[in-house]
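Here are some friendly notes to read alongside the model. Please keep the structure open as you go through the points.

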There are 2 protein chains.
Amino acid sequence: MRTTGEIDSIEDRMRHATRGPLFVSFAAGDAGTWHIDRIAAVRGEGLAPAETLSIVEAGADHSQDSWRWILRGVTSNTRYTNRQESKTMTQRQQGLGRPEATRAALIPIRKNNAWWALSQDDRRRIFEEQSGHIATGIEYLPAIARRLHHSRELGEPFDFLTWFEYAPEHAGNFEELVKRLRKTREWQYVDREVDVRLRRI
Amino acid sequence: MRTTGEIDSIEDRMRHATRGPLFVSFAAGDAGTWHIDRIAAVRGEGLAPAETLSIVEAGADHSQDSWRWILRGVTSNTRYTNRQESKTMTQRQQGLGRPEATRAALIPIRKNNAWWALSQDDRRRIFEEQSGHIATGIEYLPAIARRLHHSRELGEPFDFLTWFEYAPEHAGNFEELVKRLRKTREWQYVDREVDVRLRRI
């Protein structure tokens, strides 16, 4: 059992990058490595209030009933990023667990049936050519580190859980990033969104 | 608990198409709706011999230890199909459970790390522009019905489980389809493949 509070070694990062899916549970309760500052329901149903969040990677046992809620996801290959975008991101991004990145956000979203019924090219067109999701994210690298977790195929209530980490001085940039994404055409397909803000304990 | 031995109603099919992920377990043992004719290891490690296969949809309990092996997967949105291809497939394809489709194949495959490290556009180029995976599959519609299940994000030993159903008179077409796909550039990224052939009991 590892938590993202620990700093990954380069070897760990390489392993994650090449070995593929990493299972991650975000468990809210009254003991954890991240203090929850606020939980806001942006669209649709929210999440129950909680004091702290634990991030548990790999196959740990979560059967303790002291959690308020647990959201599960799995990292995977990219679905929309093209070769040039991928190269730029790899060059600019930094990993999770940087000592200065003491602020975090967990943003679970669900997209509607209309989104999932679209073909790959139509989804890419909306996602990037119309909404600039990748290009916008790149603008905020390396300050805002990000890891995407897929939940839809795990039978979870959300489709994606995105985890962001940043230093306190970049909190304004993060607000701007979130605001820009929420105005996009892509976001019109989001039918549930919760915004959880945290600080490292 | 439903098995694909039952014929789906139109409502069921619509529900699956629009509601998204359907969890499916392929469980091999000595009781089931499909008789296993043969299990061939095409590349890498094979699977243990078994008499029959049960296909269990949704969240049934598989904790009985009488199964020889169980492979799990989940249906999902398409990942490479563009709008025109999607339209053609929808027009031509037929569902699982046709009374005349008494032959079936389960083909679990795993792709290597080099595949999963590719960007979306590079994967699409190999998958379709170079290998014609979608176009080839369309040629065999509606005779060869097909359902793809994703397993990689479930921590399974394979990345995909593809289930095919066809009438005995199309067995030759199916052999041809499989042979053509295995010769493609895409298939150079397959590092484990098993071919299970079955007939309805």
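1. A residue is called buried here if 20 or more other C-beta atoms lie within 10 Å of its own, exposed if 12 or fewer, and partly exposed in between, with C-beta atoms placed from the backbone. On that basis, buried residues account for 31% of the 201 residues in chain A. This is a predicted model, in which local features need pLDDT of at least 70, side-chain atom pairs count only at pLDDT 80 or more, and totals for chains, interfaces and linings use all residues. Residues are numbered from 1 along each chain as its sequence is written, while chains are lettered from A and ligands numbered from 1 in the order in which they are written.

2. Chain A has 6 helices and 8 strands, where helices (H or I, at least four residues) and strands (E, at least two) are DSSP runs numbered from the N terminus. Their order from the N terminus is α-β-β-β-β-α-β-α-α-α-β-β-α-β.

3. β8(A) pairs with β2(A) (residues 34-43) in the antiparallel sense over 8 bridges; strands pair if DSSP finds at least two bridges between them. Within this pairing, Ala40(A) has Asp195(A) as its bridge partner. Strand β5(A) (residues 103-111) also runs antiparallel to β8(A), joined to it by 7 bridges, and here Ile109(A) stands opposite Glu193(A).

4. What does Ala171(B) touch, beyond residues up to four places away in sequence? The answer is Arg103(B) and Tyr166(B). Ala171(B) and Arg103(B) are 68 residues apart in sequence, with 7.7 Å between their C-alpha atoms. Ala171(B) belongs to helix α6 (residues 171-182) of chain B, and it counts as partly exposed because it has 13 C-beta neighbours inside 10 Å.

5. Now the interface: 25 residues of chain B are in contact with 25 residues of chain A. On the chain B side, α2 (83-92), α3 (113-117) and α4 (120-130) each supply at least two of the residues that touch chain A.

6. Chain B superposes on chain A by a rotation of 180 degrees with 0.0 Å of shift along its axis (RMSD 0.0 Å), using least squares on the C-alpha atoms of residues with pLDDT of at least 70 in both. The two copies are therefore related as by a two-fold rotation axis. Both use the same surface, as 100% of the contact residues of chain B recur in chain A.

Technical notes: Contact = placed C-beta atoms within 7 Å.
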